[in-house]
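Please walk through this protein chain with the structure open beside the text.

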Amino acid sequence: MKKYVLFLGLLLSGAFFSCDLSSSISVAQVEFVLMCDGEVYDEDGITVLVSTSSNSVTYKSETAAGTATFSLVPGLYNVSTSFKTDDYIYNLSTSITISAGAGGRIELNLTKVEPKDLIIKELYIGGCQTDDGSGVYKYDKYVVLYNNSGDELDASDVCFAFATPANSNASNRWLRDGQLLYDSEGWIPAGWNVWWFETEVLIPPYSQIVVAINGAIDHTATYSHSVDLSCPEYYAMYDPHAYGDKYSQDTYPNPSANIEPSHYLQTYLYGLGYAWPISQTSPAFYILENPDIEAFTQNDENYDRTENANLPVVKINRIWVVDGIEIFRGGYESSNSKRLTSDIDAGYIYHTADRGYTLYRNVDKEATEALPENAGKLVYGYTGGTDGVDQAYGTTDPSGIDAEASIANGAHIIYMETNDSSNDFHQRRLSSLKN
């Protein structure tokens, strides 16, 4: 039997319930059979979750010889699982309609991917309160990429994109009967434009780079709750030539003089508007690797106009995708929908915007503690999550390790990588760049 570690997905806006429903309600006995590479994934004890379409109720069952059994009333359900072996990450996230009187065996295909060393460590997109409390400042977005390994990593061909629709609660024209149209076609949409580096980017072991999305300036000079993105080692999404007369100083101010032009990213605008409109509430953000992305995004043959005839998306081959994070908008449970396929992100993380919160990756406790050089350097008792301040969507790092304090203490951190944002991320109260 293969050795595996379980990672539960879709945790839990609602409590778990027993699968034994009242006999007065018409129920169907359903066997979900986990398949991989054309065969039953014949393992015991894998937790499978089945949630109602509104995520108000979640049921769970463990597999016996790769099969999880449920008793379900007719309706639309989301089925998911996520687990990791020594060599691969396995994910499943799909929608299933159970009809009255239906039941029996339903085969579901697992997605199998290899863990990646380059990961999204943090994504800060929600904005912060102005000093006088009169509004929200939203032009200080950034992303942190992290080398989650002990070897130097070449990120020179990394590009940045988001899947559409931009907001998770928006009408999703890609969805048909709970399935994403492009899922079976091997691609993922990239909205408006893709950003890429113009120079060699090397990331040392257990180290990071910061990329300013909106403005590589010291935003704290005007808004103290914001962040300083003017450090010389940072990178900037800044290419006014690509936007021409659509370029906006409000959205993309000139980078700080501290930042060399070699750290400016480039882009090609195949969308419309004055900026890269990454959502401030709920983006489906991802990174990919392609050394020829400039030519690819300029080729009309790579466009899809399903959403808008005048506003195409680029069809990104999912083989190129390195990492992604699916963010759902708080307060819109009934209308949020997935945009990233399960091979990129099998889950999602809720986010509360406008409060300076950030999406931060959880620590892999076992792997981090196993590094011999970390002896005496790890800081425990992490209290930086939003679980104590955001009653609806607050989360924290279950490892209990304070990653940033440990790094400052000389430790090397290995972060969770299960291809499932439900397991891998939590909502942090403050940007990691502030403390």
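A residue is called buried under 20% relative accessible area, exposed over 50%, and partly exposed in between, using a 1.4 Å probe and protein chains only. At 62% relative accessibility, Asp37 therefore counts as exposed.

This is a predicted model, in which local features need pLDDT of at least 70, side-chain atom pairs count only at pLDDT 80 or more, and totals for chains, interfaces and linings use all residues. Residues are numbered from 1 along each chain as its sequence is written, and side-chain values use heavy atoms, with hydrogens and water left out. The pLDDT is the predictor's confidence in each residue, from 0 to 100. The protein chain averages 89, and 91% of the residues score at least 70. Residues 1-23 have a pLDDT below 50, yet beyond near neighbours in sequence this stretch has 64 contacts in the model, a contact being heavy atoms within 4.5 Å. Where pLDDT is low, the predicted coordinates should not be read in detail.

Consider the interior next. A nonpolar core is a set of buried Ala, Val, Leu, Ile, Met, Phe, Trp, Tyr and Cys residues joined through side-chain atoms within 4.5 Å. The largest such core has 35 residues, of which Phe160, Trp276 and Phe285 touch the most other members. Among the elements that give two or more residues to this core are strand 12 (118-124), strand 17 (158-163) and strand 26 (284-289). Strands are DSSP runs of E with at least two residues, and helices are runs of H or I with at least four, numbered from the N terminus. A second, separate core of 24 residues includes Ala161, Ala284, Tyr286 and Val321. Leaving aside neighbours within four places in sequence, the contacts of Phe285 include Phe160, Trp276 and also Ala161.

Two strands pair if DSSP finds at least two bridges between them. Strand 20 pairs with strand 28 (residues 313-317) over five bridges, and Ala190 stands opposite Val314 in strand 28.

Some backbone angles deserve a look. Most residues other than glycine have a negative phi, and most peptide bonds are trans. Asp37, in the loop between strand 3 (28-36) and strand 4 (39-40), has a positive phi near 55°. Trp192, in the loop between strand 20 and strand 21 (195-196), has a positive phi of about 70°. A cis peptide bond joins Thr164 and Pro165, with omega about 0°.

Two loop residues are buried. Lys338 lies between strand 29 (321-329) and strand 30 (349-351) and has a relative accessible area of 17%. A polar atom of the Lys338 side chain is 2.7 Å from the backbone oxygen of Gly347. His219, between strand 23 (208-212) and strand 24 (235-237), is buried at 2%; the residues that His219 touches include Tyr137, Asp140 and Asp228.

A disulfide is a pair of cysteine sulfur atoms within 2.5 Å, and the structure holds zero disulfides. Cys128 is buried, with a relative accessible area of 1%, whereas Cys231 is partly exposed at 23%.

Terms used
Polar contact = N/O pair within 3.5 Å; in protein donor to acceptor, adjacent residues only side chain to side chain.
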